[in-house]
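Here is a colleague's note for someone opening this model for the first time. Please keep the structure in view while reading the points.

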Amino acid sequence: MQQQQKKFFETGRGYKEGALTACILVAAGWIIELASSGKGVAVPGWPVNGVLFAILVVIVFLVGILLRKHELVAWLGGIPLGLSLISALAGLSIVGGILPQDPEYGSGLLSDIGLNRVFASWPFALVCILFLLNLGFGFVKKLVPFKVSNIQFMLFHAGFWVAVTGALLGSADLQRLAIPLYEGKESKKGYDRVLDSMVEMPFSVYLHDFAIEEYAPILGLYDPVQEKFLPNASRAILEVSPGLHVSWGDIEVEVLEAMPHGTLQGSGDPVPSDSASGVPFAKVRVKYGEKEQTGWINPQGPGTESNYLAVEQFALVLLTGTPKRFSSEVMFIDKSGNKTIATLEVNKPFEFAGWKIYQAGYDEKAGKWSSLSVAEGVKDPWLPVVYAGFYLIMAGNLMFFWQGMKKSSKK
Amino acid sequence: MTWNEFPIVASVAFACWGGGSVLNLFSAKKQALKVPSHLLMGFGCAVMVAFLVLFWQAIERPPLRTLGETRLWYATMIPLVGFLVEYRWKITWLKFYCMALAAFFLCINLFYPDILDKTLMPALQSVWFVPHVIVYMIGYVFLAAASAAAWHNIYLDYRSQSSERNEAVGHYLAVLGFVFLTFGLLFGAFWAKEAWGHYWTWDPKETWAFIAWLSYLGYLHLHTEKVGKRKLQWYLGLTFFVLLISWFGVNYLPSAQNSVHSYQVS
């Protein structure tokens, strides 16, 4: 049997040239990084990026159609170069996927050539630019002459081109502001991480109330020597409720009473209170060996010390439940004074005046007593372009699935 | 039904897959064993499906948050791909690899048991949670099967027994896997926009998902270019390791300290 052996870098097919080009681009990018003392790539904002988008489209179509027979253009839109650039993108992404992408991380050559911010560095940008040309020419090659059988290819490639181009060029117009909000106060400014400064927003936000709903408090046995919580026999996170039985080896615990919110007055038993001023309490009975003890345990809160039961060398503690839901009741006020009331919640952003406002965080140390709520305001004018690309990819993807199944059923 | 009952469930699944496989091997000589063998192997998956349903009910949230939970899905679905391949392309060997992989994933859960935790942090409470994760799981399952097929093809090639039909199956599985990987990536982007404010932030998990996607994109183009068969099978077999990094290896990398994709109980 004659094996059909083709070399990866067979001359005349363009692999060698493709690989060389990718290497040169990465090296050139690093040289630019070094020469510009690590400033990275600054994508120009609107309208220059819009013009660049248009120029790219024109180049792709004009050159792709008129010079399609030209050897260089054919190679530029070919798979050998595409594969070389995919490898280069993957290689750079691997660096970015291993090293922490933080300007504070690393020093010397590593940060000088931008390995701690790979995706905003010149090598990545240069590879992306040629990749977009490659993708564009590849697309045009299949577009003319038009064939129905090429639709899947065209949707996928055009979608990828539009999404990547939109995302890269649009990144200059993307604004993300962290907006600190305090209960009972109005805020007009947000912190821009890119500019590293507070900037004025075209509207203001008034925080009426910030609230956290928590899961039930958790019972834990803490080992101060190992500095960790010990797994119980049922290997479950124990949400406290009356009647809960649990054991750690020969230590047996029963929850007698559970109080969702309470306060301590003097040295007596806790008394129920409202959610705002209280902490959870649990009355537990612990048996170990011949010994038995009963008592109230609770986590720390404002004005309330934490209480635990000492069980041999361990501590039986009650921990505040993790957040189930946190939300901010806010009022947006635009420049003309129009007011809009909204609730901000994780996964449920609110749209106002062309911005999307998110519930981002709060003062985690203060927990449910936090009077600070951090919102995030995002304005991304290029989002429709990127999403258009995503939808094209999905359409192509559906066809790919259908094609694959059809092809396979023939076998 | 929770992790407490899992060892029993896993044992039943092992017994079904193991017993079914033995019967299936003997069925080459004794046709009458064929149907019982398939029923037994299928029952192994049915047990896993039932466990997933009851587990979902017991923890009152989709069991898709921890790696241990996702391994349950993986172990349930991958033998089904093996059965699908047998049903559609009459290739019988793949299902054994698939059941072995499923058993391997259940073993990891047995040796490193999860702590049962019903909570679901606010970021995960989204309509995108189930579609994003399940689509990815299906993608991983297809690509694991594609990788198993590739390794088997390498072995067959080594013994000069390679066949176009076997190679075609590996390719179809890779195509199907890529389709689901792409949907997973895009669903993740849509979700990230709703939850974190931006569709793409080069979070380590995103970066590795992108690298894995690029790797399979590379495979598809190499296939189009009709690269040597042997090299292609090696590529397909090895690419799965990139996917494994994206799946859980990323948690062990220096970059992971900044990841927002960490939902594991500490």
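This is a predicted model: local features need pLDDT of at least 70, side-chain atom pairs count only at pLDDT 80 or more; totals for chains, interfaces and linings use all residues.

1. Terms for the sheets come first. Two strands pair if DSSP finds at least two bridges between them. Helices (H or I, at least four residues) and strands (E, at least two) are DSSP runs, numbered from the N terminus. By that rule, strand 7 (residues 245–248) and strand 8 (residues 251–263) of chain A run antiparallel and are joined by four bridges.

2. Residues are numbered from 1 along each chain as its sequence is written, chains are lettered from A and ligands numbered from 1 in the order in which they are written, and side-chain values use heavy atoms, with hydrogens and water left out.

3. Domains of chain A. The bounds come from an automatic or database domain assignment. Domain 1 covers 15–173 + 384–410, domain 2 covers 175–213 + 324–379, and domain 3 covers 216–321. The C-alpha centres of domain 1 and domain 2 of chain A are 35 Å apart.

4. The contact between the chains. Contact means heavy atoms within 4.5 Å. Chain A brings 68 residues to it and chain B brings 64 residues. The buried area is about 5,800 Å², and carbon and sulfur atoms give 66% of that. Buried area here is the accessible area (1.4 Å probe) that two parts lose on being put together, summed over both.

5. How many salt bridges join chain A and chain B? The count is one. K356(A) and E194(B) form it through their side chains, at 2.7 Å from N to O. The rule asks for a side-chain nitrogen of Lys or Arg within 4 Å of a carboxyl oxygen of Asp or Glu. Between chain A and chain B, 17 residue pairs are in polar contact, both residues at pLDDT 80 or more. A polar contact is a pair of N or O atoms within 3.5 Å; within protein, one must be able to donate a hydrogen and the other to accept it, and residues adjacent in sequence count only if both atoms are side-chain atoms.

6. What builds the chain A side. Elements giving two or more residues to the side that touches chain B include helix 4 (79–98), helix 7 (151–170) and strand 17 (355–362) of chain A. Helix 8 of chain A gives the most, with 15 residues. By class, this side of chain A has 39 nonpolar, 14 polar and 15 charged residues. Ala, Val, Leu, Ile, Met, Phe, Trp, Tyr, Cys and Pro count as nonpolar, Asp, Glu, Lys and Arg as charged, and the others, Gly among them, as polar.

7. Back to strand 8 of chain A. Strand 7 and strand 8 of chain A make a hairpin with two residues between them, and G249(A) in the turn has a positive phi of about 60°. W248(A) has I251(A) in strand 8 as its bridge partner. Nine bridges join strand 8 to strand 10 of chain A, again antiparallel. There V253(A) has V286(A) as its bridge partner. Strand 8 is also joined to strand 9 (residues 271–272) of chain A by two bridges, antiparallel.

8. The next hairpin. Strand 10 (residues 279–288) and strand 11 (residues 291–297) of chain A pair antiparallel over seven bridges. K287(A) stands opposite E292(A) in strand 11. Two residues lie between these strands, and G289(A) takes a positive phi near 60°.

9. A link within chain A. Over all chains, the salt bridge count is 13. One pairs R117(A) with E33(A), their closest N and O atoms being 2.9 Å apart. The two residues are 84 residues apart, with R117(A) in the loop between helix 5 (109–112) and helix 6 (122–143) and E33(A) in helix 1 (residues 15–35) of chain A.

10. Backbone points to check. Most residues other than glycine have a negative phi, and most peptide bonds are trans. The bond from W46(A) to P47(A) is cis, with omega near 5°. The bond from V144(A) to P145(A) is cis too, with omega near -5°. E227(A), a residue other than glycine, has a positive phi near 55°. E227(A) lies in the loop between strand 4 (218–223) and strand 5 (228–229) of chain A.
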